[in-house]
Amino acid sequence: MSATTSTRASHRPDRKKHRLAYNIVGLVAFVAMAFPVYWLVISALRPNHEIRSYDQTLWPSSVTFDNFKRAIDAPNFGTAIQSSLIICLTAVVGAMIISTIAAFAIARFKFAGRKTFMIVLLAVQLLPPTAMLIPIYIQLNDLGALNEYWGVIVIYLVSTLPFATWMIRGFVINIPKELEESAMVDGCTRMGAFWRVVFPLVAPGLAAASIYSLINAWNEYLLAYVVLQDNDKYTLNVWLMNFTTSRGVDYGALMAASTLIAIPVVAFFMMVQKKMAAGLTSGAVKG
């Protein structure tokens with residue numbers, strides 16, 4: 001017993017050292033990821049002359065909200081918010097509906113080409129939409145979708161479908177079929193069993209997929225800039241070009257506007273973070 005006790009005691013300092021090393025690595029990683037966000041917010045609160053100064057400090061010598069006022073008073077701010085909300089919310093809701101139906105079909109039904117279809121989903125996810133910018137532009141032009149909201153919505157919806165379908169499919173697999181069968185025995189139809197039993201249990205997976213889809217759509221710039229051509233239809237990321245003119249860049253207003261744009265996504269993430277964490281891990285058990 002004494003030898004065993006001494007052996008365990010000798011391993012404890014090593015574990016503490018490893019834990020300390022892991023904590024330090026985690027802290028360094030956190031600082032590296034959080035510092036750009038911190039600098040964005042601090043720059044939004046600095047006066048312009050201090051932003052352009054060569055002597056930068058971690059905290060502004062004076063705090064001003066004029067940058068936020070100039071950002072809000074910039075032309076087409078209201079229409080940019082409207083465009084982003086219409087495009088992103090429609091794309092996310094549409095992607096969640098379609099991907100949920102597709103994921104349920106893949107997880108519950110056996111049909112010819114099912115495995116091939118799943119492989120194609122992963123393969124398509126490897127191709128960024130920007131790599132297909134020219135074909136997308138030509139197709140939208142033929143369909144008359146240039147400078148139309150629905151053209152951008154279709155692009156965002158299609159680009160998020162593969163990953164969302166794969167994620168929700170992994171979650172549906174973990175739901176026992178017996179729950180649906182019991183509901184159908186009690187008189188529910190297939191659709192009724194899905195809506196009353198499966199759908200509430202898929203909510204964490206939907207939360208994870210929706211935040212992923214929203215971040216992709218909300219932060220996208222190039223496709224929206226190419227498809228939308230009128231200033232009053234630009235999304236918020238394209239609207240940020242207003243602060244870059246021939247006379248220079250208004251860095252203070254640009255940083256303030258970028259901070260305002262990030263708030264909705266951060267707020268949505270805070271609301272669904274618990275369900276998102278469950279959704280990211282639930283699909284890793286089976287399938």
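Visitor: Which residues lie nearest the centre of the largest pocket, and how many residues line this pocket?

Guide: Rolling a probe the size of a water molecule over the atoms shows where empty space is left. On a 1 Å grid over the protein atoms alone, a pocket is an open set of points where a 1.4 Å probe fits, with protein on both sides within 12 Å along at least five of seven lines, and lining residues have an atom within 4 Å of a point. Here 22 residues line the largest pocket, and Pro-129, Met-132, Ile-155, Val-158 and Ser-159 lie nearest its centre. This is a predicted model, in which local features need pLDDT of at least 70 and side-chain atom pairs count only at pLDDT 80 or more, while totals for chains, interfaces and linings use all residues. Residues are numbered from 1 along each chain as its sequence is written, and side-chain values use heavy atoms, with hydrogens and water left out.

Visitor: What volume does the largest pocket have, and which element gives the most to its lining?

Guide: A volume is the space filled by probe spheres set on the grid points, which are joined across faces, edges and corners, and for the largest pocket the value is about 470 Å³. Helices are DSSP runs (H or I, at least four residues), numbered from the N terminus; α7 gives the most, with 7 residues.

Visitor: How much space lies in the second largest pocket, and which residues are the closest to its centre?

Guide: The second largest pocket holds about 340 Å³, and of its 16 lining residues Met-96, Ile-97, Thr-100, Phe-194 and Phe-199 are the closest to the centre. α9 gives the most to this lining, with 9 residues.

Key:
Helix = DSSP H or I, 4+ residues; strand = E, 2+ residues; numbered from the N terminus.
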